[in-house]
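Here are a few quick notes from a look through this model. Have the viewer open while you read.

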Amino acid sequence: MKNKISLFLILFLLFSSAVIARSPKNIIILIGDGMGINQVQAAYTQNGGYLNMTNRCPFSGLRQTNSANKYTTDSAAGGTAIACGEKTNNGMVGMSADSIPMNSIIRLATLKGMSTGVISTSSITDATPASFVAHQPVRSMQEEIAEDFLNSDISLFIGGGLKFFEKRKDGRNISKELTDKGYKMAYTLEDVQPVENGKLGVLMAEDGLKPVKERPANFLPDATQMALDLLSKNKKGFILMVEGSQIDWAGHNNDKEWMVNEMLDFDHAVGIALDFAERDGDTLVLITADHETGGVTIANGDYEKKEITVKYNTGGHSASPVPFFSYGSGAELFSGFKDNTASFHIMKKLLKL
């Protein structure tokens with residue numbers, strides 16, 4: 001009997017150690033807005049059969065994307081499902097379908113003393129980043145979403161949306177109010193290099209940034225690296241969300257070249273995140289999408305010639321499941337076919353939030 005008890009204790013301790021070993025200190029969430037599996041395949045082909053997300057992540061899966069009130073989601077409901085772990089209605093950010101504000105994974109991490117950040121190639125008040133920071137019934141309420149940043153205690157945000165902070169209908173200057181709360185506010189990445197400490201907000205454009213070929217070179221990868229340099233100084237860990245917003249915009253425009261270029265730019269940021277995770281050894285990297293845009297199908301292609309033939313079935317969103325890739329501590333828990341709300345609950349459990 002004593003031997004059986006001893007064996008049980010040994011197995012229990014071994015199992016507990018394994019669980020602890022899987023828990024990350026940091027999480028980097030990268031969301032390719034509008035990125036379906038065929039957007040991945042198009043970029044993979046035009047890049048000669050290589051992407052960071054496909055070639056460096058050992059675990060993958062698919063996510064269902066329907067919202068609470070529609071079979072085909074929008075970015076607000078899709079982003080909220082990832083950020084808050086609950087279905088909501090299309091158009092709502094950071095709120096349940098019955099209009100109750102919900103704590104996002106970033107808010108829970110902030111309350112625990114972790115550093116937190118969001119980066120976007122759209123306005124930082126747009127649907128996806130707003131889902132992690134704000135609580136509003138309609139995604140178009142971007143001035144109200146900007147106000148929500150005041151009460152978020154988020155450590156860092158980088159993207160567009162200057163007019164919603166400083167050129168408002170009510171005359172308020174939210175950037176000034178954030179400065180009064182201890183934020184360093186800037187308008188280019190160069191204005192804040194090197195990053196030393198403190199809270200940071202960078203507003204790079206009046207609304208969304210320009211397409212990848214027109215905005216500052218390597219903005220998204222450079223912003224990702226800057227955020228990691230700053231957030232990783234917190235010994236309690238961090239959560240960072242990085243959005244490649246304009247994969248979606250290109251899909252709405254049925255523009256293959258724009259779509260692939262945005263995909264490759266997003267994957268460059270994925271590479272920065274994976275490089276950090278490899279060096280750090282205690283970071284979980286998650287790569288997914290809020291929904292698919294364009295109903296993309298692959299008609300033909302050639303890896304050697306780096307050519308791809310894409311056809312679009314819609315100028316809107318589709319209800320197709322979206323890809324999910326993961327790397328690092330606890331990555332295996334995210335594989336398989338799951339609902340888009342699942343990641344929140346797994347992250348919450350891993351971080352003991």
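**Notes on the model**

1. One spot to look at first: T293 sits in strand β9, which spans residues 292–293. Keep in mind that this is a predicted model. T293 counts as buried because its relative accessibility is 0%, under the 20% cut-off. Setting aside neighbours within four places in sequence, T293 touches G34, Q39, D248, G251, H252, G316 and H317.

2. Now the sheet. Ten strands make up an open sheet with mixed pairing, and the order reads β5-β6-β4-β3-β7-β1-β8-β13-β2-β14. The edges are β5 (183–186) and β14 (336–339); each has a single partner strand, so one side of each has no neighbour in the sheet. On average, neighbouring strands here are turned by 15° against each other, direction ignored.

3. G117 has L156 in β4 as its bridge partner.

4. Helix α12 (residues 256–280) lies across β1 (26–32), β7 (238–244), β8 (283–288) and β13 (322–328). Its angle to β1 is about 165°.

5. Two backbone angles deserve a glance. Most residues other than glycine have a negative phi. D153, not a glycine, has a positive phi of about 60°; it is in the loop between α7 (142–148) and β4 and is partly exposed at 34% relative accessible area. N254 is not a glycine either, and has a positive phi of about 50°. N254 belongs to the loop between α11 (246–252) and α12, and is partly exposed with a relative accessible area of 35%.

Methods:
Residues are numbered from 1 along each chain as its sequence is written. This is a predicted model: local features need pLDDT of at least 70, side-chain atom pairs count only at pLDDT 80 or more; totals for chains, interfaces and linings use all residues. Side-chain values use heavy atoms; hydrogens and water are left out. Two strands pair if DSSP finds at least two bridges between them. Helices (H or I, at least four residues) and strands (E, at least two) are DSSP runs, numbered from the N terminus. Axes are lines fitted to C-alpha atoms, for helices over the stretch in contact, and angles run from 0 to 180 degrees between N-to-C directions. Contact means heavy atoms within 4.5 Å. Buried means under 20% relative accessible area, exposed over 50%, partly exposed in between (1.4 Å probe, protein chains only).
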